[in-house]
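Colleague: I would like a close look at a single part of this model. Please keep the answer connected and plain.

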Amino acid sequence: MQTVRWVGGRVLTGLVTLLGIALLVFMAVRVVPGQAERVLLGPLATQEQRDALVAELGLDRDLASQFGIWISKVVTGDLGTSIVSRQPVLDELALRLPVTATIALMALAIALAVGIPVGVLQALRARRRGGAVVSRVLGGLGISVPEFVLGALVVLLFSSVPLGITIGAFTPVAEDVGRGLLSSLLPALVLSVFCAAATARTTRDAVLGVLVEPYVQAAVARGETPWSIVRHHVLRNATIPILTLAATLLAYLLGGAVIVEGLFNVPGVGSYLLLAMDRRDYAVVQAGVMLAAVVFVVTSVLVELASSLVDPRVSTIGARS
Amino acid sequence: MRTTSTAALAAAAVAALALAGCSGGSAPAEPDADVPDGYVAYADDSVTSAGGTLQVQIDYDTAEAQGLDPAFAEVARSWSIMGLVYESLVTVGPGFEIQPELAAEWEQPDDTTYVFTLQPDAVFSNGRAVTAADVVGSLQRLLDSGSVWSGQLGPVASIEDTSDGAQQVTVTLERPYTPFLAALANTPAAILPMEELTAGTFDPVTEMLGSGAFTVAEHRQDESWTFAANPEWWDADALGVDELELVIAGDEQTRLAGLRDGSTQLANFSNADALQLLQSAPNVTAVSQTQSDFFYAMLNSVNPDSPFVDPEVRQTVNALIDRQALVDVALAGAAEATAVTPANLPDACAPDSVPSASAEVDADALEGVEATILVYNSDPALGAIAQLIQQQLQAAGAQIELESVDDGTFGERVYVSQPGDFDIALSWFAGYGDASIVTSWWNPETAFFNVGFTQAHDDLSEAIVAAQGLEPGAERAEALQTVCDLADEYAEMLPLATRPQVIGYANDQLAPTILADEGYGDFLRLVADFRMLEG
């Protein structure tokens with residue numbers, strides 16, 4: 001019963017968070033200078049043309065009415081229509097989300113596959129001076145090198161030496177699985193560097209935290225092998241921070257890594273939202289931010305649920321608090 | 001969600017430029033002996049096209065509030081894209097010469113009357129023949145639209161169907177207006193299927209139905225266009241391309257990479273350094289097309305908070321700006337300094353002929369002047385120009401800040417706020433195909449978008465109208481010089497330098513035909529003459 005209440009509380013908190021984000025993004029896009037009719041019609045339009053577009057977009061209503069209309073449509077699944085493409089935003093996002101999701105999941109898979117073992121190794125060898133320095137330098141580089149620098153390097157390298165991978169000729173996986181995965185590889189690799197470095201650092205810290213626990217010391221005293229200790233005691237107990245980080249990274253990646261999408265000409269959510277913001281295409285911006293928020297809230301709730309399965313104390317403490 | 005900005009993308013471009021060993025200046029390409037005058041690339045009749053799909057990457061998509069309606073298209077890329085489907089009565093050729101397009105020929109019985117005879121085989125892609133009624137309806141619709149382009153057509157008195165055997169249209173002007181034909185050559189004056197439009201079976205906002213070389217097969221906004229060859233086109237036999245794929249690739253590095261790795265056959269660049277960057281790419285030829293488009297600076301003479309309300313300060317700034325330095329440093333030598341009349345158009349004023357070019361200015365002439373230069377961040381060239389102007393003005397004692405904002409904010413502060421909320425702002429004008437068209441923008445009563453920062457001057461406005469009524473030649477050149485001199489003295493909108501356009505193509509896969517000069521940003525103007533090679 002306590003767990004059910006805890007889950008219900010988390011879901012309710014998530015819904016309230018989403019409503020707050022909806023209100024915030026709605027107001028935010030309207031206080032930015034440069035209203036939609038001014039941006040889209042450009043400097044050469046007459047006042048009559050501006051007034052007509054304002055009326056068409058419903059921007060002549062008060063903000064509360066506009067918000068009420070928008071949110072009531074959103075809950076029924078109607079995210080509005082793009083004023084640039086004149087297509088339903090839901091359809092446009094449905095085209096772009098799989099593209100971004102492919103790259104995001106590839107990047108996350110690479111990051112976890114590289115970051116977790118590297119983090120474990122770093123922790124196990126933390127007392128070896130040389131290894132610690134090397135791992136700190138590599139980790140620092142991975143986290144601090146901006147994606148636009150790394151991406152530009154990769155674009156330059158692979159366009160000069162193609163190796164069968166072309167830049168800017170992106171193929172969605174839905175059209176051709178093989179070519180889709182191949183064209184997703186480079187942007188996913190660029191994105192995975194930061195994520196892998198962050199995962200390695202989190203894993204290292206989590207593992208180091210577990211290694212000093214008495215039950216690990218007891219296992220060492222019992223003569224268990226290092227691999228057995230890692231598998232049975234360390235990884236299980238270091239899972240929660242890694243899971244939390246993975247969820248955060250996934251939400252970030254699904255929100256759209258704009259620079260990487262721009263560099264590799266990936267028709268994903270990020271570049272779509274950036275253009276929409278530049279053009280004050282309100283419906284698209286609002287829908288895109290809400291999408292990212294939903295992903296973040298849902299993954300956060302799922303991670304908390306997963307964490308409670310790994311360690312039941314999470315839900316117990318959460319319910320008491 | 002992590003946020004970013006165009007500035008970061010620009011930084012990416014800068015990083016890659018640095019990686020590629022860019023030195024900042026580009027060596028102009030040697031002219032090809034086989035290319036005739038007036039072209040920078042030319043596929044002559046000896047080149048047989050293998051046909052197939054032409055892959056092109058361009059910088060941005062159409063994004064007008066009026067969708068795909070050419071009458072309301074305001075940006076150059078919309079003109080290029082819509083021009084693939086629609087035709088105007090005339091087009092521009094080498095040296096801005098007016099050439100036939102949908103009109104097979106025309107005559108001018110007097111200086112206010114134009115009689116156009118349509119191509120006898122012209123049909124819309126739905127198979128219906130183009131009629132004089134379509135021409136009359138389209139041009140009248142443009143005039144009635146209130147679109148800014150209606151003013152550019154000039155003082156049109158009447159447009160009549162005067163068919164007599166052949167399909168014929170007669171346009172009568174209220175007074176002589178020399179840029180009329182050049183204004184007709186722009187995409188907003190495209191001929192639409194008026195019968196279908198009137199019947200409601202064709203919506204020009206959401207679809208394109210024209211008489212041109214291509215039809216739209218698919219469009220995904222900001223991603224790609226697929227065009228199929230129009231078998232109904234009156235010159236279909238000449239078309240060397242079966243299908244045209246336009247990929248929208250906003251980042252210049254992506255377009256450079258597409259040419260390098262062979263996945264694209266043609267791409268455009270506004271960064272003049274692309275000319276040099278592409279020189280080392282195998283099987284890629286890069287050419288620089290001289291645009292009559294030009295950058296200009298707006299000095300706010302209307303807002304009382306602006307230091308440029310004082311005409312002397314404006315004139316001092318005008319005299320201090322070293323246009324040639326902008327060309328050499330900010331635009332990598334791939335541009336020309338210009339006066340109000342675009343430098344590469346016939347009868348244009350020489351930029352060093354205006355009063356400010358020879359004005360003496362004290363070394364500390366701008367002591368105490370504080371101002372901000374406002375630019376928008378989607379065009380990296382503007383930032384480079386702003387930096388150089390900042391240095392030039394600071395050398396004379398001024399305190400100059402730079403401010404870079406997104407397009408929407410720029411538009412709000414410059415064109416919408418009354419008075420304009422800025423001191424100095426930088427942007428660019430299309431140069432069009434006649435030296436006198438763009439001069440209209442120096443009259444804020446015609447160009448209502450600049451009323452928030454410039455003032456109306458009767459003598460300048462009268463000089464503009466007078467010059468637009470004269471035939472090309474010495475007398476008109478003298479009249480345009482008066483326009484240039486007056487605009488220079490008022491110093492509210494300062495012309496700076498032409499806007500470069502670099503075009504790269506895969507020379508093992510494509511033989512394109514590209515004009516040396518262009519006034520409407522349409523580097524795909526002669527795509528029908530392109531020849532696909534068996535690469």
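Which residues form a disulfide, and how far apart are their sulfur atoms?

Modeller: This is a predicted model, and what follows is computed from it. The disulfide is formed by B:Cys349 and B:Cys484, with 1.9 Å between their sulfur atoms. The pair joins distant parts of the chain, 135 residues apart. B:Cys349 sits in the loop between α10 (323-330) and β15 (370-376) of chain B, while B:Cys484 belongs to helix α14 (residues 474-490) of chain B. The structure holds 1 disulfide over all chains. As for its geometry, the torsion about the S-S bond of B:Cys349 and B:Cys484 is about 75 degrees, and the disulfide is therefore right-handed. Both partners are covered: B:Cys349 is buried, and B:Cys484 is buried too. In chain A, A:Cys195 has a relative accessible area of 0%, so this cysteine counts as buried.

The surface of chain B also deserves a word. A patch of negative charge there gathers B:Glu445, B:Asp458, B:Asp459, B:Glu462 and B:Glu489. Helix α13 (residues 458-468) of chain B contributes the most to this negative patch, giving 3 residues. B:Asp459 is placed in helix α13 of chain B. The relative accessibility of B:Asp459 is 35%, so this residue counts as partly exposed; the class lies between buried, under 20%, and exposed, over 50%.

Definitions and conventions: Residues are numbered from 1 along each chain as its sequence is written. Chains are lettered from A and ligands numbered from 1 in the order in which they are written. This is a predicted model: local features need pLDDT of at least 70, side-chain atom pairs count only at pLDDT 80 or more; totals for chains, interfaces and linings use all residues. Side-chain values use heavy atoms; hydrogens and water are left out. Patches are made of residues with over 30% relative accessible area and no salt bridge: like charges are joined within 9 Å, nonpolar side chains (Val, Leu, Ile, Met, Phe, Trp, Tyr) within 5 Å. Accessible areas come from the Shrake-Rupley method with a 1.4 Å probe; for residues, only the protein chains shown count as cover. A salt bridge is a side-chain nitrogen of Lys or Arg within 4 Å of a carboxyl oxygen of Asp or Glu. Lys and Arg count as positive and Asp and Glu as negative; His and the chain ends are not counted. The place of a charge is taken as NZ of Lys, CZ of Arg, CG of Asp or CD of Glu. Helices (H or I, at least four residues) and strands (E, at least two) are DSSP runs, numbered from the N terminus. Buried means under 20% relative accessible area, exposed over 50%, partly exposed in between (1.4 Å probe, protein chains only). A disulfide is a pair of cysteine sulfur atoms within 2.5 Å.
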